[in-house]
Amino acid sequence: MASTPLIRGRWGYASITDKIADIVLRRPTHWIWGVGLLVTLVMSVFFFGAMGYLFTRGVGIWGVNIPVAWGFAIGNFVWWIGIGHAGTFISAFLLLLRQKWRNSINRFAEAMTLFAAGIAGIWPILHVGRPWFAYWLVPYPNVMNYWPQWRSPLVWDFFAISTYLIVSLVFWYVGLVPDLATLRDRATSKTKAMVYGFFALGWRGEARHWARYEIAYLLLGGLAAPLVVSVHSIVSLDFAVGNTPGYHSTIFPPYFVAGALYSGFAMVLTLAIPMRAVYGLQDLITLNHIENSCKVLIATGSVVGYGYLTEGFMGWYSQNTYEQYISWDRAFGAYAWGYWCLIVCNVLTPQLFWIPAFRRNVIIVFVLSLVIQFGMWMERFVIIVQSLHHDWLPSSWYMFYPTVWDFTTLFGSIGVFFFLFMLFIRYLPMISIFELRELVDETSERGEEAHG
């Protein structure tokens, strides 16, 4: 039994079901949700408009140049795929480790993973300049016997992202099936009952259903767990396999994985804190969940800080003139403002989480989660742009200046993410109903004490 209650108050099977299912089926649409949907819809329109303009004019509308051939697009790709890692970590790793505190946050974290990974997959396609040839990455049968270039990191990314999306989608959907059956049985209209019933796959909650379900869910968790490590390791190899100073480092795979969990858990907190306030879920997503997530941020943030330290040390210790110059240029060159910004956001600011009072203050946690996400995006910007703007040939050195289209696609993609998330919390249970029922017996004995 956990040392602290995972649910506040006296909740039973029926009351938990009513609380979560009614948000989808009976509760009127909250005005904050409506405003958020409208704003994110406008941002999404700008994103797809910018994408259409990019298709007609080419990547020249961005600030990319020679030698900075990679700009916002690849930085956004790495940032989004990193955000998607927390959902799989919460669902798979914490499931295998029998961490029950995951039950209140795993459902919307898994949805976050799907949306973030889907958006991440768009960026390499946009970046190649000829998106209509993106199907060349697929090893489809063809009469000319052409196959993808397996030595290209772009091909690695395609298989890593597609595998990650498929496994995450199946894992998320399988976890939804019992709750879809609950919505089917409680539906207020025939249309809703038919839609939820179709996706519930005939679930009746029989003993044989639960026996097979638990086996399948555990196997999917075991299958998804290695993806947390493998996917972002493959993404990091986009950089590490090159000979560009600042990229060619064996620490990149674990460093990128830790950074992915870092930004992913920050996004979980960014979503959870407003959601619990708007829908009154403080008893189900408690301060204990927020505090545990902050502790994960402390751990992953420490690994990220160690990665920064190791990069600087190896640049000096290698006695390689080019590596030494890149390390110096990051700290004192033209993009030094970005480097010190990420140090403050990703290394210094999270140290506030060592203070228990800060970990249990939702406003402070929310603000710091935004700071961390900005810092992690800035890290990708520094790794890509700063490492490329001074290449091997001084005569070709050039600064990168983002255009309005760089920012439009970046903020537009954020709008698409939140638009999809808004639809998710409106039409599907944002918290797993059946998994919270498992916690009722564990917390009912001291629920009153926790509520006080």
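Apart from neighbours within four places in sequence, Ala 111 is in contact (heavy atoms within 4.5 Å) with Trp 172 and Phe 424. The model is a predicted one, in which local features need pLDDT of at least 70, side-chain atom pairs count only at pLDDT 80 or more, and totals for chains, interfaces and linings use all residues. Residues are numbered from 1 along each chain as its sequence is written, and side-chain values use heavy atoms, with hydrogens and water left out.

Ala 111 lies in helix 5, residues 106–127; helices are DSSP runs of H or I with at least four residues, numbered from the N terminus. Ala 111 counts as buried because its relative accessibility is 0%, the limit for buried being under 20% relative accessible area with a 1.4 Å probe and protein chains only. Although Ala 111 and Phe 424 are 313 residues apart along the chain, their C-alpha atoms are separated by 7.7 Å.

Helix 9 covers residues 252–278. Of its 27 residues, 23 are buried, so helix 9 is largely enclosed by the rest of the structure. From first to last C-alpha, helix 9 reaches 39 Å, close to the 39 Å expected at 1.5 Å a residue, where the expected span is 1.5 Å times one less than the number of residues.

Notes
Helix = DSSP H or I, 4+ residues; strand = E, 2+ residues; numbered from the N terminus. Buried < 20%, exposed > 50% of the residue type's maximum accessible area, 1.4 Å probe, protein only.
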